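Reader: Can you walk me through the side-chain contacts in this one? I'll ask as we go.

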Amino acid sequence: MNPRRYFHEDRVVRPFLRWIVPGVAILLAVAGSGDSAGSGPATATGAQVTKSVPFVRESIDEIRALPPLRSLAVTGNRAIPFLRIQRRSDATGESGLPLAEPDLAAPFLASSPAPSAPMLDSSFAGLGNPPPGQDVIPPDTMGAAGPSHLVSILNSDFGVFDKAGNPLQSIDLQVFWSSLGTGPGEPANFPFDPKILYDQQSGRFIAITLGGRSAPDSWVMIAVSPSPGPTGISNPTGAWDKWAIDADLDNNVQLFNNSADFPGLGVDEFNIYVTANMFNGPSSQYSKVWVVPKAQLLPQNPSSTITWFEFRSPPGSDFSMQPAHTFGTPGTEYFLFEGLVNRLGVAWMDNVSGTPVWHSPLPVSVTGYTSNVTPGAPQLGNANTIDTSDTRMLNAVYRNGSVWATHHVVGPSGKVEVAWYRINPGSGALQSQGRVTDPNRWFYYPSIAVNKDNVAAIGFSGSSITEYVGGYYTIIQPSTGAAEAVALLKAGEAPYFKVFNGNDNRWGDFSATVVDPADDTSFWTLQEYAMTHDTFTDINNNVVDRSRWGTWWGKFTPGNPPAPPPPPPPPPLSGGGGGGGGGCLSITRSPDDRVDASSVFSLFFLFFPAAVYGLRRVVRSRTTR
């Protein structure tokens, strides 16, 4: 045998370096960790993929100028399915997390009674509920602020506003993505779960949306706003570059029939990070991460051939991982997610300027909560509660050495409330944590942002048995480490119940709170609220009363005078129950405006005892005389 031929690098050296050395390194790392099997500091490098993908550059005006070519695949009312995760009680991902120390690293702080969050600088309506026949639930409320513009992207629409609240552009979400293909199996066939960030490093807006109904036709669509140009400002009304990555392929091979759901979006100096839960039908499988280098997406004339790295079920990963919106240049990207019971996991990637390397998570011990499906939130005027889904993490921000994150949980009283965390990602130490609570009001679907002064802001939805669903916000000053008393962004206007053919009264599934890059101090929050109803006539000539959702923008600046806190919800009258407007007496009228007979009988039986009692008092007083 020719020894040179036998030891040729193609036959031995490269396979040895590619498979044996990394495998031995991981085994040694696990064995030397001192923890249970699978709990050590395992690392992984993703599969590198380079290929030509669906690509287009076009502005909204150019899209509108196209012929009505594309018979759009999405027609009629749409309910985006919510795929729930079966939580594990003993492990995270395939590797599990080591147990953290039982003592909490930071005290738990509830909302401060005073002062209130700052008053609003401005406040105006965002994108709203589409007309009948084009309705969608939930909106997946999402937006971002640039130096001069606000961009909102929902399950229904894509829209651009100036900061005075004037709408500049608005277009159906599927139409926005449609040039990537709307036919069966194509990326924009069924767009859902949009996310958007303003990348302060490149001066661009970066948006993603999932597409396709199920594997093998599952896609991640990515859009980047125009070059900042001589003004230094990216104009989101101009031409966006858009790509689509086939999400159900692993290293460009159809290994499994798994599709992507509930994405996370992060960005740092070098890359765009996308995470997703992978499902086979209704069954959760694993998490996946795509790392897309930004440099190839930013030139004046980008290519349809792009490179990315994908991590299928990296060590210690779990579902609903949130990559951080990273400020500064730490050289590391962090991912935060739920781990063991009452534990969070913070994983990270380094070598982000080259071939990124995943590191299995550090455990973070937090104040206890039930990691499971959360109960529906009550509302005024309708006994059907608002769906609050579960306790998955909703967004994360890295700034000045800390990772901040938020989600909603079930508090000690049984109400859903907002939980927030500030974590040292290098050690896994919890620097501070707290809850945003109210004696009567439920809070859910929060989002968090952090400014240059380490002031954090949180926006969220809220409701009670005596209040319609509205939008709220608060801030956390570094001097106190506690959330200030909440302020009202937009009051709800009516009861809300919208299920189409399903069972869940969908809300959320997320919201947006971001720092304004124009001053890096003030904040914008975009929240959903229950709008006044409208009516329409259906195909059977029936007049239908329709619940509607709306979205609302608000800007606020730390240091402004405090906003008057929202009045506490009035206590429900006994027997009110929440389904009939808090127990208020009501008169029912028939369609022809006549008083319903049942209401007359109700009034009679309500006032009859009082009348008898009063008559007895009169008779007694006269007898005494």
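Author: Start with a term: rings of Phe, Tyr and Trp (its six-membered ring) count as a pair if their centres lie within 6.5 Å, with planes under 30 degrees apart called stacked, over 60 edge-to-face and the rest tilted. The structure holds 22 aromatic pairs by that rule. One of them is Phe176 with Trp240, which is edge-to-face, at 5.8 Å centre to centre and 80° between the planes.

Reader: Before you go on, what kind of model is this, and what was left out?

Author: This is a predicted model, in which local features need pLDDT of at least 70 and side-chain atom pairs count only at pLDDT 80 or more, while totals for chains, interfaces and linings use all residues. Residues are numbered from 1 along each chain as its sequence is written, and side-chain values use heavy atoms, with hydrogens and water left out.

Reader: OK. Back to Phe176 and Trp240: where do they sit in the chain?

Author: Phe176 is in helix α4 (residues 173-177) and Trp240 in strand β15 (residues 240-246), 64 residues apart, so the pair links distant parts of the chain. Helices (H or I, at least four residues) and strands (E, at least two) are DSSP runs, numbered from the N terminus.

Reader: Is Phe176 buried or exposed? And Trp240, buried or exposed?

Author: Phe176 is buried, at 1% relative accessibility. Trp240 is buried too, at 0%. Buried means under 20% relative accessible area, exposed over 50%, and partly exposed in between (1.4 Å probe, protein chains only).

Reader: Which residues form an aromatic cluster with them?

Author: Phe158, Phe176, Trp177 and Trp240 form one aromatic cluster.

Reader: And Trp240's strand, what follows it?

Author: The loop between β15 and β16 (259-267) holds Phe256. Phe256 is partly exposed, with a relative accessible area of 33%. Together with Val253 and Leu255, Phe256 forms a nonpolar patch on the surface, with about 250 Å² of accessible area in total. Patches are made of residues with over 30% relative accessible area and no salt bridge, like charges being joined within 9 Å and nonpolar side chains (Val, Leu, Ile, Met, Phe, Trp, Tyr) within 5 Å. The areas come from the Shrake-Rupley method with a 1.4 Å probe, and for residues only the protein chains shown count as cover.

Reader: Charges next. How many salt bridges are there?

Author: A search of the whole structure finds 19 salt bridges. The criterion is a side-chain nitrogen of Lys or Arg within 4 Å of a carboxyl oxygen of Asp or Glu.

Reader: Which partners does Arg441 have?

Author: Asp438 is one, with a salt bridge of 3.4 Å, N to O. Glu467 is another, the closest N and O atoms being 2.9 Å apart. Arg441 lies in the loop between β30 (429-436) and β31 (442-450), and Glu467 in strand β33 (residues 467-476), 26 residues apart. Arg441 is buried at 2% relative accessibility, Asp438 is buried at 15%, and Glu467 is buried as well.

Reader: Which charges sit over rings?

Author: Among them, Lys195 lies over the face of Phe510, at 4.7 Å from the ring centre, and Arg312 over the face of Tyr286, at 4.3 Å. The test is NZ of Lys or CZ of Arg within 6 Å of the ring centre and within 35 degrees of the ring normal.

Reader: Last topic, the hairpin. How are β25 and β26 joined?

Author: Two bridges join strand β25 (residues 377-379) to strand β26 (residues 382-386), and the strands run antiparallel. Strands pair if DSSP finds at least two bridges between them. Gln379 stands opposite Asn382 in β26. The hairpin has two residues between its strands, and Gly381 in the turn has a positive phi of about 85°.
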